Amino acid sequence: MRRLLLGLLLLAGCDRAGYLDRPLGASGPYALEARAAWLLAGEPAVAFYDPVADDLTRAALDADPVAAVPTADGTALLVLDAAGGATWIGAETRRYDLGASFTAVTWAPDGHTAIVHHAPGAASGPLITNPNQIAILDVARPAGEGNPVRRTLRSFGAVPRSVVIAPAARVAGAERQLAWVLSERYLALLDLAAPTAREVIVHLTLAEDAREVVPAQVVAGEIEGRAAAFVRAQGSQDVFALTFPDEAAPDAVPRPSLNLLPAGGEPSDLLADAERVFTANGRAGTVAVLDPVTGRRRVVDVGAPVARILPFTAPRADGEGEGRFALLWAPGGEAVVFADLDRLELRAGQAVTPLRLEGRVVEVAPLPGRRGAAARLENDRLVLLDFDDRTATPLVLAGGASLGPMRVDPDGDRVYALVQGGPDGAALVTVGVETGAPTSVALRSGARDLLVLPAARRLLIDHGKQTGEITVVPMGAAGEATERSNLLLEGMFDR
């Protein structure tokens with residue numbers, strides 16, 4: 001009898017799916033517009049969860065996933081795998097042979113073109129990696145016929161620090177999609193509309209200049225209605241303005257000219273629009289407004305350290321339509337400054353509203369459609385900022401509780417945050433912006449991350465379990481939490 005039972009078990013083992021003998025290897029979740037996604041290295045596959053239908057589906061992969069990046073509109077996912085491929089999962093599923101195992105993706109504003117590349121510090125191959133190899137991919141087209149285009153950037157040194165893709169525009173007499181790859185000493189310029197064209201190397205200093213000038217940020221802009229790019233670099237007190245010739249061959253990358261705009265100090269952040277360039281000047285507590293045509297500079301004292309410029313649009317207080325504003329702040333600073341970018345150059349200090357806070361700022365986010373913001377402080381306070389009334393309303397946690405990730409409702413009506421260690425253990429806190437009144441939903445302990453799924457109008461709390469333990473809460477509907485355990489195991493034994 002025992003031999004019979006052993007034989008049956010052995011026969012059952014022969015039919016057992018291989019992935020059932022491997023660790024689940026779950027990573028994520030990744031937030032899409034209406035779904036959450038997890039990578040499952042054990043199958044390999046991607047698991048998608050629809051919180052409205054309460055439904056889990058899987059998309060099989062050809063190799064173990066390495067990383068995933070949602071498409072620009074949040075409706076699809078591009079998954080990089082260990083076999084040197086990329087699988088786009090959207091309205092349909094397509095796999096592309098990239099020729100190497102990459103670790104990072106930078107999407108173009110058009111939502112379908114991307115540069116796949118290596119991330120600093122991320123080993124991507126079992127033995128040897130070419131850190132300057134990239135792949136230019138168009139997920140709106142099937143594989144083959146020059147898609148993707150594999151490239152190795154010339155003499156680029158270390159792994160690219162970052163990649164920036166500008167919006168498509170008419171540059172040098174042709175429609176182009178310019179992309180910038182930042183190195184330790186210079187930039188490589190590509191045109192994604194001509195992906196096989198030889199890249200142009202842009203040096204920010206002369207060969208005899210011994211300064212360590214490291215490109216840190218590139219933003220697209222305009223000079224007198226013509227496309228331009230502005231570069232901020234560590235080790236320089238200037239902004240580098242790059243302009244392009246009137247004409248260049250459509251199948252060649254145009255070679256830009258380099259000009260300097262004095263920023264009045266080494267800038268810590270950079271912003272540009274069709275007429276001006278703004279720089280934050282760190283501990284000096286100033287913002288400079290630069291005219292890229294004349295080089296004129298207006299330095300505005302904002303009354304607080306400013307390392308970041310966070311732009312947004314909101315209705316103007318005088319009813320004259322929408323205006324362009326920014327939150328000026330510094331991580332670890334104790335103030336957030338509201339700046340009217342449209343009027344900053346003319347009105348200087350009258351166009352800024354600083355709000356002092358009782359604690360150091362960890363993160364800050366504008367409230368969509370409002371002249372206000374939310375901030376999270378180091379001392380576990382959540383603060384609502386109203387720049388019209390010049391108020392900063394704090395919400396104080398119970399003793400022993402700590403404040404986790406903060407998110408803002410896409411409508412700007414509510415602010416959400418995770419709380420750990422309160423009277424009920426973990427909780428999701430919802431704060432109404434109009435009233436400042438908080439409500440909370442008790443959660444099982446160990447809440448790790450808070451995702452916003454805008455199209456589903458749901459919040460998803462990840463509890464950090466490999467098998468998938470989540471809580472789903474409708475936006476603004478306190479008390480309607482749905483808990484799911486072992487979510488990622490569903491359906492595994494039905495196949």
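Gln-177 sits in the loop between β15 (174-176) and β16; strands here are DSSP runs (E, at least two residues), numbered from the N terminus. The model is predicted: local features need pLDDT of at least 70, side-chain atom pairs count only at pLDDT 80 or more, and totals for chains, interfaces and linings use all residues. Residues are numbered from 1 along each chain as its sequence is written, and side-chain values use heavy atoms, without hydrogens or water.

**Confidence**
- Mean pLDDT (the predictor's confidence in each residue, from 0 to 100) is 88 for the protein, and 91% of its residues reach 70 or more.
- Residues 1-14 have pLDDT below 50, and this stretch makes zero contacts in the model beyond near neighbours in sequence. Contact means heavy atoms within 4.5 Å.

- Gln-177 counts as buried because its relative accessibility is 7%. The cut-offs are under 20% relative accessible area for buried, over 50% for exposed, and partly exposed in between (1.4 Å probe, protein chains only).
- Not counting residues up to four places away in sequence, Gln-177 touches Ala-108, Pro-109, Asp-110, Ile-165 and Leu-192, among others.
- Leu-192 lies in the loop between β17 (186-191) and β18 (200-203). Leu-192 is at 10% relative accessibility, so it counts as buried.
- Beyond four places in sequence, the contacts of Leu-192 include Thr-113, Ile-115, Ile-136 and Gln-177.
- Leu-192 and Leu-204 are 12 residues apart in sequence; C-alpha to C-alpha, they are 22 Å apart in space.

**Nonpolar cores**
- A nonpolar core is a set of buried Ala, Val, Leu, Ile, Met, Phe, Trp, Tyr and Cys residues joined through side-chain atoms within 4.5 Å.
- The largest core has 21 residues; Trp-180, Leu-187, Leu-189, Leu-204, Val-218 and Val-231 touch the most other members.
- At least two residues of this core come from each of β16 (178-182), β17, β18, β20 (226-234) and β21 (238-243).
- A second, separate core of 20 residues includes Val-300, Val-306, Val-337 and Ala-348.
- Val-231 touches Leu-187, Leu-204, Val-218 and Phe-240, among others, leaving out residues up to four places away in sequence.

**Four-stranded sheet**
- Four strands form an open sheet in the order β19-β20-β21-β22, with antiparallel pairing. Strands pair if DSSP finds at least two bridges between them.
- β19 (214-223) and β22 (257-262) are the edge strands, each pairing on one side only.
- β20 and β21 pair in the antiparallel sense over four bridges.
- Ala-228 stands opposite Thr-243 in β21.
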